[in-house]
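This briefing concerns the side-chain interactions and packing of one protein chain. Please read the points below alongside the sequence and the model.

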Amino acid sequence: MGSMKLPFSVQSRHGANFLLSFPTSRFRSPFPAGGRDYRGFIIQSLPLVDPCRLSNTNSRDKRSHFFTARASAEPLTEPIVEDKQFIVSTSGDSIRKRFLEFYAVRGHKVLPSSSLVPEDPTVLLTIAGMLQFKPIFLGKVAREVPRAATSQKCIRTNDIENVGRTSRHQTFFEMLGNFSFGDYFKKDAIRWAWDLSTLEFGLSAENLWISVYEDDDETLAIWHDEIGVPLQRIKRLGEEDNFWTSGATGPCGPCSEIYYDFHPERGHSDVDLGDDSRFIEFYNLVFMQYNKKDDGALEPLKQKNIDTGLGLERMARILQQVPNNYETDLIFPIIEKASNLANLSYKFADESKKAYLKIIGDHMRAIVYLISDGVFPSNIGRGYVVRRLIRRAVRTGRLLGIKGDGMGNLDGAFLPILAEEVIKLSTNIDIEVKIRAARIFEELKREELRFVSTLERGEKLLEQILTDALSTAQINGTVPCISGKDAFVLYDTFGFPVEITKEVADERGVGIDMESFDVEMDSQRRQSQAAHNTVKLSVENGAELTENISDTEFLGYDTLSTRAVIEGLLVNGKAVEQVSEGNEVEVLLDRTPFYAESGGQIGDHGFLYVTKSGNIKEAVVEIKDVQKSLGNIFVHKGTVKEGVIDVGGEVEAEVDTKLRQRVKVHHTATHLLQSALKKVIGQETSQAGSLVAFDRLRFDFNFNRPLRENEVMEIEGLINKWIGDATLLRTKVMQLADAKNAGAIAMFGEKYGAQVRVVEVPGVSMELCGGTHVSNTSEIRGFKIISEQGVASGVRRIEAVAGEAFIEYVIARDNYMKQLCSTLKVNAEDVTTRVNNLLKDLRDARGEVSAARAKAAVYRASTMIGKAVTVGSSLKIRVLVESMDEIDGDALKSAAEYLVDSLEDPAAVVLGSCVDEKRVSLIVAFSPGVVGLGIQAGKFIGPIAKLCGGRGGGRPNFAQAGGSEPEKLGDALEKARDELVSFLSEKSG
């Protein structure tokens with residue numbers, strides 16, 4: 001970029017603060033330098049404007065400066081002097097940094113991006129920057145800061161079919177946002193959005209258009225009268241475009257958007273802001289000022305909020321002067337790597353291949369960040385989203401000609417190689433991605449190779465299905481369509497997401513019967529539909545209750561009993577003043593020793609006592625659960641066992657000490673377990689969920705195989721050693737950044753404030769944790785893993801016991817062993833040998849029984865030979881279709897083999913048996929001569945078994961099936977006989 005002369009100072013100023021310089025982008029454009037059509041990055045001078053000139057201008061002159069501001073800056077012609085000049089970078093990283101610093105100097109607290117896995121259960125994935133602030137907007141949580149700014153990772157897949165086809169659609173994107181929680185409102189939000197766009201980023205005012213809600217005269221007046229935007233570049237739009245709602249009811253308000261005009265020379269008449277060839281909307285301002293009631297009426301909110309979103313990739317496209325978001329330095333390095341693997345040049349590729357490369361560039365970002373945030377491929381929910389993206393990327397890579405890993409290893413995977421590029425670009429987005437790189441590579445390789453193993457067969461089947469559909473449609477004069485059943489087979493057997501099947505079919509002009517596909521699909525396999533792509537907010541009744549109730553003071557780290565005042569009572573969710581004996585109740589106290597469920601640890605149990613003089617109990621409430629609600633208010637759930645309790649009354653709150661000790665033991669043991677896992681199977685493993693209960697602990701972790709027996713023993717050994725070391729725990733409150741720098745591990749799914757509680761077992765473990773813990777590891781007494789199993793793709797689960805639960809487990813197992821020894825009449829050390837001997841005897845006995853049954857079945861079959869019929873005149877084929885009741889599958893198989901041999905070639909045998917009242921067994925056996933006529937046992941048996949409520953398959957000459965409807969066996973055998981005779985008669989003349 002050419003240098004620039006600043007007309008007013010050494011640096012560009014934001015108020016009294018100086019704008020820091022940024023390093024130039026090192027991104028390599030796909031296009032050559034020079035010439036009018038050059039579309040590279042940071043290659044031209046950007047004139048800067050002195051913000052003070054505009055701020056010192058009276059309101060009467062502001063509109064004239066709207067048109068002349070850019071002319072006030074002159075390009076520098078003399079050499080750069082280091083302490084007088086700086087270079088403005090248009091790289092994606094610098095745009096993000098400049099946005100956050102712009103708002104930081106305006107009093108905004110810069111907060112980190114939240115996870116792509118939201119806390120909000122109504123949303124599948126994080127789809128907007130405001131999502132982490134939803135509780136504040138609802139009034140459920142008190143604001144910690146009046147204004148904030150973020151760069152939020154987001155995922156949206158509802159427009160996935162447009163990715164690569166348009167210039168702006170993406171599944172993964174970063175949303176830069178500034179937020180006000182009852183602080184500033186429209187004027188400041190609009191002024192700063194304009195200053196950011198025109199002064200900070202240097203966009204020409206003449207290229208900017210504004211949209212406002214059709215009835216929002218206030219906003220239009222600010223844009224026109226105070227900012228100076230001409231009316232001809234302000235468009236009023238309707239409710240669908242410019243009125244934001246959170247749902248049928250709840251917070252809502254008008255929007256205003258800033259658009260960049262790539263072709264201002266087209267003028268101002270008949271302008272459509274939705275014209276993607278001319279405009280791109282890059283900044284959206286939501287003025288959250290109303291609450292929509294059940295009857296549709298709008299009432300002003302007590303606290304008006306600002307929620308904005310500026311698309312990072314869109315701003316990068318504008319500043320870097322490239323034709324689409326994909327060719328910015330945020331995505332293009334991934335595209336460039338994919339081009340290399342496919343042995344292509346993006347510049348010279350046709351539009352189809354460019355679209356494929358864009359799809360890969362986009363999807364790889366989404367995939368890497370999803371896996372980093374703990375979303376692993378599966379067939380439901382979030383896992384289905386990432387699996388679909390991975391398989392779409394793999395298939396797209398194959399269409400580009402990428403074979404194997406693209407670098408000569410035909411048995412390798414190319415997604416991990418592309419993921420390396422994504423991870424290189426992640427430094428300023430999410431530092432955790434590099435830490436989790438090994439896990440990401442491993443997951444991608446396994447998922448890609450798993451899909452590739454069935455992809456080729458699936459592609460061949462899909463091609464055949466498409467050919468058949470087109471052929472049938474041509475013959476019948478109908479619209480070509482794939483049946484829902486065929487689409488489901490592709491999905492269920494070959495791993496083709498139906499969306500991929502639909503895309504391929506669309507390319508060939510073939511539809512899909514989605515109604516019948518949905519019938520075939522389990523409801524859990526459709527959790528990534530567009531319904532999950534809206535954020536639902538509602539103003540709940542509980543908000544009224546919190547107006548007079550402050551956050552609960554938690555005393556439970558230091559004491560298990562305290563005096564407290566009842567601040568609120570709820571019965572069936574409704575506030576009441578009094579609750580009497582026998583009723584379930586939710587009690588809100590001003591202070592409490594009870595731990596509320598969070599961080600995987602369940603809530604405390606205990607009692608609330610109302611006493612009078614002499615400690616006589618007037619009322620007793622048994623507490624069985626404690627939850628946090630409406631911010632930091634503890635809700636004690638229980639039953640009034642005696643007496644009456646009233647709002648305003650005083651109670652003695654007492655936690656069950658034995659249960660608290662059990663849960664403390666399990667929580668500390670969970671920390672030790674995570675440390676042991678990292679030591680034994682690798683530091684890259686991470687927590688994926690947990691439960692800390694009174695009777696056990698449960699720990700989910702990311703790992704791709706079952707633990708080996710020796711690994712389990714090593715983990716248990718480490719933990720029991722640490723328990724025996726009798727180490728004192730340390731707990732302290734620290735700044736979040738300091739805690740992370742010290743190496744503290746964050747708990748899965750938890751959201752942390754500026755200050756955090758750190759629990760440390762010196763030399764063993766350090767975690768951010770608000771739970772309750774033992775003071776010394778010796779209190780745990782012992783630890784035992786009771787199960788280890790897979791719960792999802794790439795996620796394993798350990799259940800274990802410690803402390804008192806460990807003692808109970810050992811005693812119970814000892815009693816079982818004593819009973820076993822007594823029954824087997826052996827000592828404990830001889831139990832294994834005795835059981836193995838018994839199992840061998842049992843297998844031998846079963847073998848003898850099976851052999852006897854087979855002989856009996858063969859004997860019965862020998863009496864049936866005379867029932868065989870002869871089919872055909874030239875080629876005489878012997879056909880036997882009979883029922884043999886109460887014969888199991890193995891014996892029926894022996895009988896069929898005997899019969900087909902005895903009848904001699906060519907022969908066909910079908911046998912059926914009602915094994916018991918609920919089971920059917922079927923056998924089909926064809927001699928070589930019958931198979932040679934074009935009929936196969938494996939395919940023949942399927943429709944027959946279906947009549948009995950079953951399914952089956954096998955080889956061309958022999959097949960087996962089972963069923964669950966014995967009463968229909970006769971019909972099935974009759975169908976088999978008719979079809980066999982008909983087919984063989986036709987083939988044998």
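Lys 186 is buried, its relative accessible area being 2%, where buried means under 20% relative accessible area, exposed over 50% and partly exposed in between (1.4 Å probe, protein chains only). The model is a predicted one, in which local features need pLDDT of at least 70 and side-chain atom pairs count only at pLDDT 80 or more, whereas totals for chains, interfaces and linings use all residues. Residues are numbered from 1 along each chain as its sequence is written, and side-chain values use heavy atoms, with hydrogens and water left out.

**Salt bridges**

- Lys 186 forms a salt bridge with Asp 216, with 3.0 Å between the closest N and O atoms; the term denotes a side-chain nitrogen of Lys or Arg within 4 Å of a carboxyl oxygen of Asp or Glu.
- This pair links distant parts of the chain, 30 residues apart: Lys 186 is in helix α5, and Asp 216 is in the loop between β6 (208-213) and α6 (217-227). Helices (H or I, at least four residues) and strands (E, at least two) are DSSP runs, numbered from the N terminus.
- Asp 216 is also buried, at 6% relative accessibility.
- Arg 147 and Asp 183 form a salt bridge whose closest N and O atoms are 2.6 Å apart. Arg 147 belongs to strand β4 (residues 147-155) and Asp 183 to the loop between β5 (172-181) and α5 (186-200), so the bridge ties together parts 36 residues apart in sequence.
- Arg 147 is buried, at a relative accessible area of 16%, whereas Asp 183 is partly exposed at 34%.
- A salt bridge also joins Arg 660 and Asp 604, with the closest N and O atoms 2.7 Å apart. Arg 660 lies in helix α19 (residues 657-681) and Asp 604 in the loop between β19 (591-592) and β20 (606-612), 56 residues apart; both residues are buried.
- Lys 153, Asp 373, Asp 430, Glu 432 and Arg 436 are linked in a salt-bridge network. The count of salt bridges is 49.

**Aromatic pairs**

- There are 22 aromatic pairs, defined by ring centres of Phe, Tyr and Trp (its six-membered ring) within 6.5 Å; planes under 30 degrees apart count as stacked, over 60 as edge-to-face and the rest as tilted.
- Phe 137 and Phe 181 form a tilted pair, 5.6 Å centre to centre with 50° between the planes. Phe 137 is in helix α4 (residues 134-137) and Phe 181 in strand β5, 44 residues apart; both are buried.
- The ring centres of Phe 185 and Phe 287 are 6.0 Å apart and the planes stand at 65°, so this pair is edge-to-face. Phe 185 lies in the loop between β5 and α5, and Phe 287 in strand β10 (residues 279-292), 102 residues apart.
- Phe 185 is buried with a relative accessible area of 17%, and Phe 287 is buried with 0%.
- One aromatic cluster consists of Phe 99, Phe 102, Tyr 103, Tyr 184 and Trp 192.

**Nonpolar cores**

- The largest nonpolar core has 113 residues, of which Trp 223, Phe 282, Tyr 283 and Met 364 touch the most other members. Such a core is a set of buried Ala, Val, Leu, Ile, Met, Phe, Trp, Tyr and Cys residues joined through side-chain atoms within 4.5 Å.
- Helix α10 (residues 351-372) contributes the largest share of this core, 11 residues.
- Apart from this core lies another, of 31 residues, including Ala 669, Leu 697, Leu 707 and Phe 783.

**Overall composition**

- The protein contains 27 helices and 37 strands, and 50% of its 989 residues count as buried.
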